[in-house]
Amino acid sequence: EGMALPQKIVFPPEKICMDWQQRQRPGAGLFNLGNTCYINVILQCLTYTPPLANYLLSYEHSRSCRQQGFCMMCTMEAHVRKVLCSPARAILPGAVLRDLKFIGEEFEYGRQENAYEFLRCTLSAMQRACLSGRRDLDVSSQETTIVHQIFGGFMKSRVTCLSCQAVVDSYKAFLDVSLDIRVRASSLTTVLEDCVAPKELDQKECFRCSKCKKKAAASKRVTVHHAPRVLTVCLERADQRSGTKISKFVEYPEYLDLRPYMSDTAGEPLFCSLYAIVVHSGDTCLEGHFLCYTKASNGLWYKMDDEFVDSCDIHTVLGQQAYLLFYAR
């Protein structure tokens, strides 16, 4: 379909298990060492991502890892095992804090940082670990690691010439979706509908049509071409112009059908269910506190606020001013 096929599959998708292999009560909370709540929420959300946890608990990575020094996959493997198997009420994510500069050089220990940026840097560090020692891979093959097989999808961008209706398609891999909630944003579904609606390109983005052989007015439509197994959504709460926090409530469902936002809208419904959210409390984006709500392997929801892990219900989860949403197919 115009997409480059990988020459090599790094991690076979059929080995991914979306359901928990072990069912148990939630694991340990995470101590906050002073402004480390942004780290704690992401570690907890990743720990309760079933296909990732299943893989990390299998020891498959560390058994074959040849990486010298820091390896984010080995770090995550040890962390997830420690959280889920520790009898302690709370643990210290010591290895992650120690190697913070390897995860993202912009992170300063002791300074409040952004949880979304930490998530992106953590997934990038895990991706680098999966590709360690594999210098020969083409870009499409690099997008078949366990990280991309779980979190990765593809967007399709279709530009249509409004003069002759010729189309140009392009595809781009993604690990998360960031959504602007400043405008028509009463709910996640309305924001997604807005994202996939065709938009006319303005004159600055002038499109040169290869069929008309001239610059022409054009429209662009972006759709989800290949849905990820785990969809991570960021509801952008920092107003880039004013720097203020956007505090509005955006409704989000427990079950989300991705089919209306796909390139092919005609197929079966493509449901995914909410399993974790990150919430930011505070008046501005540069200060305040992060906490999360996650669904443990026993199917029950828990509020995870640093070292405190308390049970809650789905109604509490759906009533939050969410910043990050995690959905699994």
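Gln-165 is exposed, with a relative accessible area of 51% (exposed means over 50%, buried under 20%, partly exposed in between; 1.4 Å probe, protein chains only). The model is predicted: local features need pLDDT of at least 70, side-chain atom pairs count only at pLDDT 80 or more, and totals for chains, interfaces and linings use all residues. Residues are numbered from 1 along each chain as its sequence is written, and side-chain values use heavy atoms, without hydrogens and water.

Gln-165 lies in the loop between S3 and S4 (strands are DSSP E runs of at least two residues, helices H or I runs of at least four, numbered from the N terminus). S3 spans residues 153–161 and S4 residues 167–174; they pair in the antiparallel sense over eight bridges (pairing requires at least two DSSP bridges). Thr-160 stands opposite Val-167 in S4. Five residues separate the two strands of this hairpin.

Most residues other than glycine have a negative phi. Gln-165 has a positive phi, near 70°. Lys-213 also has a positive phi, near 65°. Lys-213 sits in the loop between strand S7 (207–209) and strand S8 (214–216). Lys-213 is exposed, with a relative accessible area of 61%.

The largest nonpolar core has 62 residues (a core is a set of buried Ala, Val, Leu, Ile, Met, Phe, Trp, Tyr and Cys residues joined through side-chain atoms within 4.5 Å). Helix H7 (residues 115–130) gives the most to this core, with ten residues. Phe-151 is among the residues with the most contacts inside the core. Another core, of 34 residues, lies apart from it and includes Val-196 and Ile-314.
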